[in-house]
Amino acid sequence: MRNTYKKLEVLHFPDPRLRKIAKEVDTFDNSLQTLIDDMFFTMYEEKGIGLAATQVNIHKRIIVIDITNDKSEKIDLINPKLISLSSTKDSMDEGCLSVPGFYETVSRPNQVKIETYNTKGEKKILDAEGLLAVCIQHEIDHLNGVLFIDYLSKLKKDMIIKKLAKQKKEINKIVL
């Protein structure tokens, strides 16, 4: 385990790189573990519960998740594939490190089964429900170039885009 970790830059909507579809990981080596460690560090620094490699401009199918308050249950998912989704859905408020400051209700299946790999390249099956299931789906969406705001009505999505544009203008005024 390394002593120092690198904080990666999180891309913010509407950055077009967030729409890029991630490619499968085909090399399971020390650099993969280093990237996963840096992704966990970045996620914790940003106060998130999930982070997809796409969000840090690395277009590989890698996700890190920890839904605990005490950062005690790190889950890394490499090349995750949804095997099954429950027909029962839950609506939860979702936020996103790539769309900071916005939370909206999204309806998703409340149970999932996925096939994924560990850092040694060994296949595993994971069953998840509730918040973990929602988080997995949210992060897999990122790997496919989809953001949670894509599930919102056009009106809500346009409102978020307007607010983000206004925030960016205000930041630019301060910088100039």
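This report covers the sheet, helices, cores and salt bridges of a predicted model.

## Basis

The model is predicted: local features need pLDDT of at least 70, side-chain atom pairs count only at pLDDT 80 or more, and totals for chains, interfaces and linings use all residues. Residues are numbered from 1 along each chain as its sequence is written, and side-chain values use heavy atoms, with hydrogens and water left out.

Helices (H or I, at least four residues) and strands (E, at least two) are DSSP runs, numbered from the N terminus.

## Sheet

Two strands count as paired if DSSP finds at least two bridges between them. Strands of a sheet pair through backbone hydrogen bonds, either parallel or antiparallel.

Strand 3 (residues 75-85) and strand 6 (residues 111-117) run antiparallel and are joined by five bridges. Ile78 stands opposite Tyr117 of strand 6.

## Helix 1 and the cores

The largest nonpolar core has 18 residues. Such a core is a set of buried Ala, Val, Leu, Ile, Met, Phe, Trp, Tyr and Cys residues joined through side-chain atoms within 4.5 Å. Ile36, Met39, Leu51, Ile62 and Val64 have the most contacts inside this core. Helix 1 and strand 2 are the elements that give two or more residues to it. Helix 1 gives the most, with seven residues. Val64 touches Ile36, Met39, Phe40, Met43, Ile49, Gly50, Leu51, Ile75 and Asp76, not counting residues up to four places away in sequence. Contact here means heavy atoms within 4.5 Å. Apart from this core lies another, of 14 residues, including Ile63, Leu77, Ile136 and Leu143. In soluble globular proteins, nonpolar side chains tend to be buried together.

## Helix 2

Helix 2 (residues 130-143) has 14 residues. At 1.5 Å a residue, they should span 20 Å; the end C-alpha atoms are 21 Å apart, which agrees. The expected span is 1.5 Å times one less than the number of residues.

Of the 14 residues, 12 are buried, so helix 2 is largely enclosed by the rest of the structure. Buried means under 20% relative accessible area, exposed over 50%, and partly exposed in between (1.4 Å probe, protein chains only). Just after helix 2, Gly145 takes a positive phi of about 75°.

## Pro109

Pro109 is found in strand 5. Pro109 is buried, at 11% relative accessible area. Leaving aside neighbours within four places in sequence, Pro109 is in contact with Leu85, Ser86, Thr88, Lys89, Ala133 and Gln137. The C-alpha atoms of Pro109 and Ser86 are separated by 5.4 Å, although the two are 23 residues apart along the chain.

## Salt bridges

The structure holds 10 salt bridges. Each is a side-chain nitrogen of Lys or Arg within 4 Å of a carboxyl oxygen of Asp or Glu. Asp141 pairs with Arg108, with the closest N and O atoms 3.0 Å apart. Asp141 lies in helix 2 and Arg108 in strand 5 (residues 99-109), so the pair ties together parts that are 33 residues apart in sequence. Both Asp141 and Arg108 are buried.

Asp150 forms a salt bridge with Arg19, the closest N and O atoms being 2.5 Å apart. This pair links distant parts of the chain, 131 residues apart. Asp150 sits in the loop between helix 2 and helix 3 (154-175), and Arg19 in the segment before helix 1. Asp150 is partly exposed, at 27% relative accessible area. Arg19 is partly exposed too, at 34%.

Asp158 bridges to Lys154, with the closest N and O atoms 2.8 Å apart. Being four residues apart in helix 3, the two are separated by about one helical turn. Asp158 is partly exposed, at 32%, whereas Lys154 counts as exposed, at 63%. Salt bridges that share partners also join Arg19, Asp150 and Lys157 into one network.
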